[in-house]
Amino acid sequence: MSHTPHELADDFPESAERLRALNASSAHFAKLCDDCHEVNRQVHRMETSAEPAGEAVEAVMRRKRMMLKDEICAGLKAASSETEPAHGKSDD
């Protein structure tokens, strides 16, 4: 297990620009990212024993981080589908 904290841009490198744009345009998305960043930092502190916690607490926090990242991923996918042109349609 790596003890390096991963930023969202590291987790979604192909969507880094979209992450920035959604952070700027959506208060809900920005809150998700802020929450994920904070939970990620807490997990990192637990993993490195800077802020020791029990295994159960770490597991809960990892699940919370995963759920936040899943929601962020869904937001990125939704934003991507809104900006991509429809395939298979022709103006002929």
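In this predicted model, R45 is partly exposed, with a relative accessible area of 27%, and the side chain of R45 meets that of E51 in a salt bridge with an N to O distance of 3.1 Å. E51 is likewise partly exposed, at 38% relative accessibility, and a network of salt bridges links E38, R45 and E51.

Across the whole structure, eight salt bridges are found, among them the three listed here.

| Salt bridge | N to O distance |
|---|---|
| R45 and E51 | 3.1 Å |
| K31 and D35 | 2.9 Å |
| E47 and R62 | 3.5 Å |

E47 lies in helix α3 and R62 in helix α4 (residues 55-83), so this pair ties together parts that are 15 residues apart in sequence. Of the two partners, E47 is buried, with a relative accessible area of 16%, whereas R62 is partly exposed at 27%. K31 and D35, by contrast, are four residues apart in helix α3 and therefore separated by about one helical turn; D35 is partly exposed, with a relative accessible area of 26%.

Helix α3 (residues 27-47) also packs against helix α2 (residues 16-25), the two axes coming within 6 Å and crossing at roughly 120 degrees, in a left-handed crossing. The contact brings L19, L22, N23 and S25 of α2 to A27, F29, A30 and C33 of α3, and its residues comprise six nonpolar, two polar and no charged.

C33, which takes part in that contact, is buried at 6% relative accessibility, while C73 is partly exposed at 22%. The disulfide count is zero, and for C33 the nearest cysteine sulfur, that of C36, is 7.2 Å away.

Definitions and conventions. Residues numbered from 1 in each chain as written. Predicted model: local features only at pLDDT ≥ 70, side-chain atom pairs only at ≥ 80, totals over all residues. Heavy atoms only, no water. Axes fitted to C-alpha atoms, helices over the stretch in contact; angles between N-to-C directions. Helix = DSSP H or I, 4+ residues; strand = E, 2+ residues; numbered from the N terminus. Left-handed = near helix turned anticlockwise from the far one by under 90°. Contact = heavy atoms within 4.5 Å. Nonpolar A, V, L, I, M, F, W, Y, C, P; charged D, E, K, R; others polar. Disulfide = S-S within 2.5 Å. Buried < 20%, exposed > 50% of the residue type's maximum accessible area, 1.4 Å probe, protein only. Salt bridge = Lys/Arg side-chain N within 4 Å of Asp/Glu carboxyl O.
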